[in-house]
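Let's take a look at a protein model together. Have the sequence and the 3D view ready, and follow along.

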Amino acid sequence: MKTTVQQSGTRPAQRPGFLRRYRLPLSLAVVAASLYAGSIFFIVVVRGQIGT
Amino acid sequence: MSANTHSQDGAHADVTHHAAGEDHDHDHAEHGPAYGPMRWITTTNHKDIGSLYLWFALVMFFIGGAMALVIRAELFQPGIQIVDPMFFNSMTTMHALVMIFGVVMPAFVGLANWMIPMMIGAPDMALPRLNNWSFWIMPFAFAILLSTLFMDSGGPAGGWTLYPPLSLQMGDSFAFVIFAIHFMGISSVMGSINIVATIFNMRAPGVTFMKMPMFVWTWLITAFLLIATIPVLAGAVTMLLTDRFFETSFFSAAGGGDPVMFQHIFWFFGHPEVYILILPAFGIISSIIPTFARKPLFGYDSMVYATASIAFLSFIVWAHHMFTTGMPLAGSLFFMMTTMMISVPTGVKVFNWVATMWKGAMTFETPMLFSIGFVIMFTIGGLSGLMLAITPADIQYHDTYFVVAHFHYVLVPGAIYSIMAATYYWLPKWTGNMYDETLGKWHFWISTVFVNVLFFPMHFVGLAGMNRRIPDYSLQFADWNMVATIGAFGFGFSQLLFVYIVVKAVRGGKKATAEVWEGARGLEWTVPSPAPYHTFETAPDISRLAVR
């Protein structure tokens with residue numbers, strides 16, 4: 001069933017998707033998570049601390 | 001990025017900016033806060049959350065301060081006087097953790113919550129529900145941290161730096177300490193993401209980056225520092241946790257690990273953390289001095305670039321905390337020189353503050369007194385920092401009370417004074433009431449006398465070789481330690497006056513005008529006092545206003 005807006009021929013306003021709306025905070029969160037994992041990865045792999 | 005949308009969160013998706021000059025504050029006057037405790041638990045309002053952070057910081061200030069008084073009471077005379085040495089070590093460790101993560105950082109986040117949206121003409125923070133979550137993690141984190149003092153194995157006692165192998169000798173309560181630090185970190189990172197998103201996406205039309213008040217600029221840079229460094233601390237303490245409880249050997253030499261590597265990782269976080277604790281203070285002082293000098297801030301652009309330079313340099317100086325671990329000559333020289341380079345942008349800032357005051361029509365209300373106190377005493381702390389940057393000299397000063405004197409000068413008459421200056425400056429805007437100016441001045445002068453009685457003698461005993469983090473000391477240090485302890489109790493009790501002044505202003509007093517201060521500039525002074533529960537739901541017209 002068509003909505004009133006569609007019937008009148010105008011396109012309904014599209015709300016941007018979650019990823020698009022939150023791209024800045026999400027990208028900052030990814031940076032933070034990568035630094036967390038990276039600091040451990042650095043010691044484990046680059047410094048070869050595990051398994052010596 | 002567009003500065004004219006408030007659509008980061010669903011709560012603001014339908015808010016649009018309209019033409020300027022509308023009386024926006026009356027449109028939503030009926031939407032006041034809810035009543036009862038649920039208001040504070042469920043609030044997403046930036047002013048409520050700012051108040052929660054500030055009250056939380058004040059409570060923690062007295063808890064951390066009580067720990068400091070235990071330390072100073074023990075050090076009043078040589079010998080073991082009052083507390084068990086292990087408890088003394090717990091007090092030094094907890095005092096630092098509480099003051100850094102529980103007082104200075106939450107107080108600055110509280111100020112950011114209150115002021116950044118009002119300074120940039122935004123209706124709220126970009127992510128209000130995340131904001132609520134950021135705050136409410138904090139009381140739980142600190143409840144966990146403080147609870148370790150009541151556990152069988154006691155609180156953390158290896159210093160706030162948690163250096164292994166000493167920290168790995170702690171009992172089972174260590175897991176709670178690590179858990180608490182993780183939660184504090186999550187709170188800080190979420191708060192920082194919120195601040196960056198707010199400043200990037202929520203500025204009113206016309207509030208360009210180079211028109212933002214310095215407090216907003218310093219917080220933007222601080223937020224990036226936090227996002228870049230807190231996860232590294234989290235990684236380091238996660239590895240401590242697995243070393244302690246899961247038989248890994250990241251930092252255990254016996255298992256092939258490297259304890260000094262922990263120090264590198266810790267200070268990669270720890271030195272930018274120092275600037276996290278002081279950059280917002282620079283922003284506050286840069287707001288207050290122009291108001292009471294009745295002149296625009298001297299060298300605004302250079303202030304912005306100096307702040308960014310300090311932030312950049314803070315990432316390449318960390319090993320100056322580790323000169324005594326032994327490092328190649330090239331390493332020592334590199335970290336000595338980069339550390340000294342920080343004095344250049346910092347000097348630019350001090351010069352600009354002095355130049356702002358130069359030939360200004362100055363008056364000396366309480367916020368200005370605290371700001372001038374900041375400039376003078378922070379500079380004293382900065383100069384002793386330069387002495388500590390000199391590698392061969394640092395080997396003499398390392399782990400002495402000279403270091404304690406240095407960082408307390410930058411953190412107490414530095415960061416804490418800036419928070420007090422900010423409180424007096426914006427309190428009329430928050431409460432609608434003027435604080436008691438006479439008592440405010442008394443608070444400043446009593447605090448300033450005692451803070452110097454407390455910390456200045458530490459330079460003397462430190463240069464004479466008194467070690468930090470010990471409950472006992474040689475007889476030759478007795479006199480100055482007695483003086484320092486008198487200063488500590490004087491400074492500590494004078495803060496009760498601060499609480500009295502704040503509570504008195506919250507409860508009533510002479511009504512404040514919207515502008516409050518004659519020389520005040522910026523959007524926050526265009527809204528009534530107290531600031532309405534909702535501000536700038538319609539974007540302000542900044543074409544006729546001085547935003548900074």
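## A helix on the inside

In this predicted model, 13 of the 18 residues of H7(B) are buried, so the rest of the structure largely encloses this helix. Buried means that 20 or more other C-beta atoms, placed from the backbone, lie within 10 Å of a residue's own. Helices here are DSSP runs (H or I, at least four residues), numbered from the N terminus.

H7(B) also has a bend of about 30 degrees at Trp267(B), which is the angle between axes fitted to the seven residues ending there and the seven starting there.

## Where chain B meets chain A

The contact takes 25 residues from chain B and 15 from chain A; two residues are in contact if their C-beta atoms, placed from the backbone, lie within 7 Å. On the chain B side, H5 (173-201), H6 (214-245) and H7 (259-276) are the elements giving two or more residues. H6(B) gives the most, with 9 residues.

## Chain B as a whole

Zooming out, chain B has 16 helices and 0 strands. Of its 548 residues, 54% count as buried. Its C-alpha atoms fill a box of roughly 70 × 50 × 50 Å, taken along the principal axes.

## How to read the model

Residues are numbered from 1 along each chain as its sequence is written, while chains are lettered from A and ligands numbered from 1 in the order in which they are written. As the model is predicted, local features need pLDDT of at least 70 and side-chain atom pairs count only at pLDDT 80 or more, but totals for chains, interfaces and linings use all residues.

Key: A residue is buried if 20 or more other C-beta atoms lie within 10 Å of its own, exposed if 12 or fewer, and partly exposed in between; C-beta atoms are placed from the backbone.
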